[in-house]
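Have the model open as you read.

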Amino acid sequence: MSNFEQQAAKIRNQPGFIAALDQSGGSTPKALKLYGVAETSYSGETQMMDMIHAMRSRIITSPSFGGNRIAGAILFEATMDREIQGTPTAEFLWTRKQVVPFLKIDKGLADEANGVQLMKPMPTLDQLLVKAKSKGIFGTKERSVIKQANADGIRAVVAQQFEVARQVLGHGLVPIVEPEVDIKCPDKAAAEALLKTAIQKGLDALAPGQDVMLKLTLPSTDDFYAGIVAHPRVLKVVALSGGYSRDEANARLARQNGVIASFSRALTEGLTAQQSDAEFNAALDGAIESIYQASRT
């Protein structure tokens, strides 16, 4: 089998979860602050990305981090463009850790309209996808946010997500469609009902072979997305932690059959730059094991 076929089989069949190393707790400065790195410790975009890459590298090279419990990892473009121990990051993930590499491709969120935030335009997406494919990336992730149960807004989010997904598929990559429902949405269950209907229509419109993944907020009703999990065009459904604590996210995830985690902040919760390697590895191991167990149910 080709690398792509091996990676697709791993995502579809092997127990494990997706480590979302593209963002933690919001912006990169906030992620670094949670890790114990103050904004005064760096100056400018390049130094900031070097700092976050050091954090990501420490996680990825930890003996606790491996393909036995982690199916895939989502990267920043800047992380993809850097190396770990002299090896390009995506190549290191797959060849050294047997972890499938994904790339975050969206450029952030547009201003809220109709109760949602669409993705900002991505005029250079084709060039990025060509680069990603050349670096051994398996799939992509693109995020938009739903803040109200607004039918027009939710339809617009899903339409944009599937438009981008088709562009990604055209480059031989697997898209993770991520229409996040804000956990603070005042009518979250109603928003999820509208979202499920729109996603099912989007999936039904895909042709055989156009398989996608979905990254969804842990729903208000257990097993709410069972029909989507079973859809023939869905490689995997993964859940985002969305601001829930790790314990709360794990408890909710354990009640969603066939769904695995794709946690960011909940994965790195409790990790700091000041920890010794032994302390860091032990904390990371505990986090990985708890998320892995919740993903197995």
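## Helices α10 and α12

Arg 246, Asn 250 and Leu 253 of α10 touch Ala 287, Ser 290, Ile 291, Ala 294 and Ser 295 of α12, where contact means heavy atoms within 4.5 Å. Sorted by class, the residues of this contact are 4 nonpolar, 3 polar and 1 charged. Here Ala, Val, Leu, Ile, Met, Phe, Trp, Tyr, Cys and Pro count as nonpolar, Asp, Glu, Lys and Arg as charged, and the others, Gly among them, as polar.

Helix α10 covers residues 246-253 and helix α12 residues 277-295; they pack at an angle of about 20°, with axes 8 Å apart. α10 is therefore roughly parallel to α12 (angles under 35 degrees; over 145 is roughly antiparallel, 65 to 115 roughly perpendicular and the rest oblique). Their crossing is left-handed, that is, the near helix is turned anticlockwise from the far one by less than a right angle, while clockwise would be right-handed.

## About the model

This is a predicted model, in which local features need pLDDT of at least 70 and side-chain atom pairs count only at pLDDT 80 or more, while totals for chains, interfaces and linings use all residues. Residues are numbered from 1 along each chain as its sequence is written, and side-chain values use heavy atoms, with hydrogens and water left out.

## Helix α7 and its neighbours

Helix α7 (residues 151-169) reaches 27 Å from its first C-alpha to its last, close to the 27 Å expected at 1.5 Å a residue. Its buried residues (under 20% relative accessible area; exposed is over 50%, partly exposed in between, with a 1.4 Å probe and protein chains only) include Ile 154, Val 157, Phe 162 and Leu 169. Among the elements that the buried residues of α7 pack against are β7 (139-146), β8 (174-181) and α8 (188-204).

α6 packs on α7 at an angle of about 45°, with the axes 10 Å apart. That angle makes α6 oblique to α7. Leu 125, Asp 126 and Leu 129 of α6 meet Val 164, Gln 167 and Val 168 of α7.

## Positive phi angles

Most residues other than glycine have a negative phi. What phi does Gln 85 have, although it is not a glycine? Its phi is positive, about 50°; Gln 85 sits in the loop between β3 (83-84) and β4 (87-88) and counts as exposed at 57% relative accessibility.

Asp 223 has a positive phi of about 60°. This residue lies in the loop between β9 and α9 (226-229) and is partly exposed, at 30%.

How values were computed:
Axes fitted to C-alpha atoms, helices over the stretch in contact; angles between N-to-C directions. Helix = DSSP H or I, 4+ residues; strand = E, 2+ residues; numbered from the N terminus. Expected span 1.5 Å × (residues − 1).
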